[in-house]
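Open your viewer and get ready to click through the model one stop at a time. At each stop you will find something to select and a short note on what is there.

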Amino acid sequence: MKPFYFLKVFCVLMFCAVANLCAQSSSPLQSAAIDQKVEKLLKQMTLEEKVGQLNQYSAGAATGPGTGRTGYPEMIAVGQVGSLFNLIGAKQTNEMQHIAVEKSRLHIPLIFGLDVIHGYRTEFPMPLGLAATWDPALIEQTARIAAKEASTDGIRWTFSPMVDIARDARWGRITEGEGEDPYLASEIAKAYVRGYQGNLDSPDDIAACVKHYVGYGAAEAGRDYNTTEISDRTLREIYLRPFKAAADAGALSFMSAFNSLNEVPASANPFTLRQVLRHDWGYKGMVVSDWQSLWEIEAHGIANDDRTAAEKGILAGVDMDMEGNLYHTHLAELVEAGAVPMSVVDDAVRNVLRVKFALGLFDHPYADDTKTAFDGPLPAASRELARKAAEEAFVLLKNEHAVLPLTGIHKIAVVGPMADNADNMLGSWDAQGKANDVVTLRNALTAYCAAHNIAVSFSADASAASADADVILVAVGETASEMTGEAASRTRIGLPGAELVDEVAKFNKPIVLLAFAGRPVVLTPIEPKATAILEAWFPGIEAGPALVATLFGEANPSGRLTASFPRSVGQEPLYYNALSTGRPVGNVDLTRPPTTGLEKYHSRYIDEQNSPLYPFGYGLSYSTFEFSTPQVSASSTSAKALNAGDAKAEVHVTATVKNTGNRPGDEVVQFYIRQRGTSVARPVRELKGFQKIALAAGESKQVDFKLTRQQLAFWNIDMKEVAEPAKVQVWITGDSASGTPAELEIKP
Ligand code: NOJ
């Protein structure tokens, strides 16, 4: 028996070791075979050729302050360029690639990048809208289509996903991210990476670039590019989490940010780039700067000349200089002067080459220029996904008298410019999106009404046609490229055009406000006058069909907010996972100014409530859902056992969710916790899980969430990420402001 027993144990151990090795090497970034190729190539490279791999230039439309530089073919031929971006098209990219592969001494291919943010030609909703779907699997599919389309045009690297947590709706770039929650953003970050990169085994896989590392979304006062001050704990708890998730999912690259973080520009920050990213996380992908962000460290004030800026950037850990020309001009000389060790340059080159090998660029450097997939109509499946994504992204904020879905309607008046604005539906960063591909609300509604014998009128203003309509649709909002996205921060974040709601209110008809926006907007003044409000974001090419399906109930809204909608801009920054303060408001009535000291001396405003108009996680449906109070599988557990990873210490939290409405609907079931009695203050609520579930009318389902070390650990007073003894409340509910908690205790 005995020898057999040992043999068995030996086999199990061997199996585990091999499985472990396979798991580790499943990412090409960890592949020993790729590392060998990198080393072989590196040995052959001159210093100039090494520096060349670290240079990236924009060779098309400028997506930053233009430089007007030219002469790339000559530079590529002598190995001075590692990457081009903003160059689009198989023919165009191939032309440059032929020079790199055939003329440069070592034949190293270029990598072509582009901002493919929410689709390439098939434009999906903006990322903030996609996040509102709470549907990572769907987001993964959108990224997959984007990768297929972009790679056909020679693009093998997208500067996406943006995973900057944003707690301030003034910041224009809130539209490009996932909102205010690090857990949700992490799940979505992984989905984008999976979608773009696939298995990295095919020429239509493209490299993801996780940006902007790090803290960019915490810009003071919501002003783009502004200073950020973030404690080490908040950095790790909130801002770094989605980056870590993306790195663990195998993202091939990171982009360093424009902002300064705790007085150190993020693009020259050895703490975040070397200590956290490389040392703590063991990241082996490449780091590219943002557009001239190395050069900008001079304006930040930590370098007095370009040479020092280059030196600080490379030493901090930025591998590739985007559009800065600093490495090109100064790096070789810095090495020769001994200011930058050759080993630092070698490591940067390794990171770049590793990505090029991982993408298979050495085997497949060229795009297939016999294919011009993008001249004809888009494939039906792409359109179908765009429509589904838009439908899932819409968030129904208000629906008085169940005015939606529309039934028994004979005449509709549509007012406002967004009903027929194809361009705006694409959102900012629309890559190769075409206004011609967009089906507007006007197109789709006209067709629907013709088929259903409904009269419909369209006008930009509050026309008389509204007087005898059964319902008035007001389609207004932000202009995508001027008012949202990069360099588009606003201090007045009302909904542009909302005055139309006031104007049509005189007709005393139900008003459905269709709000097109890239950020949480202040709806407070018009909210009482709108019977229903549907937040439509910038929905993409299938805007019209998705809106019509939703308005008439073929689709049931299931989008939920991922960023708080403020009552007033003065509340910003506003986010649900805040700390309690020492003077929480408790039951004080905040709808009026304080009249006694007991009402006054709280963390509150004298002229506004603390709560948002619509909280994180919120959204209505045409169904209604009921949650039972959650049940915990144990009333206590142990911090020691949790930290040891003991499965017996895990606690299950379950609840029953019932569709109490009369139509099928999807509910986003959200799992929140709060911990008290810990060494540092923890948020009043934190999202730790979610499930989007489909429920038929009257159907109930049990949902189950786990509390393990992963959910309970946090960066404690000693900056150790551990679970601590605590009193814990847990909620399973439909948004961040509702629900009845169950309780448990974490004992030592
Ligand atoms: C600047 C933006 O901050 C970044 O997100 C983008 O990827 C680059 N420009 C390249 O266009």
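Which helices and which strand each supply at least two residues of the lining of the second largest pocket? Select helix H8 (182-197), helix H9 (232-239), helix H10 (241-248), strand S22 (686-695) and helix H24 (709-712). Helices (H or I, at least four residues) and strands (E, at least two) are DSSP runs, numbered from the N terminus.

Before going on, note that this is a predicted model, where local features need pLDDT of at least 70, side-chain atom pairs count only at pLDDT 80 or more, and totals for chains, interfaces and linings use all residues. Residues are numbered from 1 along each chain as its sequence is written, and side-chain values use heavy atoms, with hydrogens and water left out.

**Stop 1**

To find its centre, show Arg236, Glu237, Ile238, Arg241 and Glu721, the nearest of 37 lining residues.

On a 1 Å grid over the protein atoms alone, a pocket is an open set of points with protein on both sides within 12 Å along at least five of seven lines, while a cavity is a set where a 1.4 Å probe fits but cannot get out; lining residues have an atom within 4 Å of a point.

**Stop 1: the largest pocket**

Now select Tyr576, Val585, Asn610, Ser611 and Val684, which lie nearest the centre of the largest pocket. Strand S21 (665-676) and strand S26 (726-733) each give two or more residues to its lining. The volume is about 1,200 Å³, meaning the space filled by probe spheres set on the points, which are joined across faces, edges and corners.

**Stop 3**

Next, show Thr63, Asp115, Asp290, Trp429 and Glu486, the closest to the centre of the largest cavity among its 14 lining residues. This cavity has a volume of about 100 Å³. For the second largest cavity, of about 30 Å³, select helix H7 (136-152) and H8. H7 gives the most to that lining, with 3 residues.

**Stop 2**
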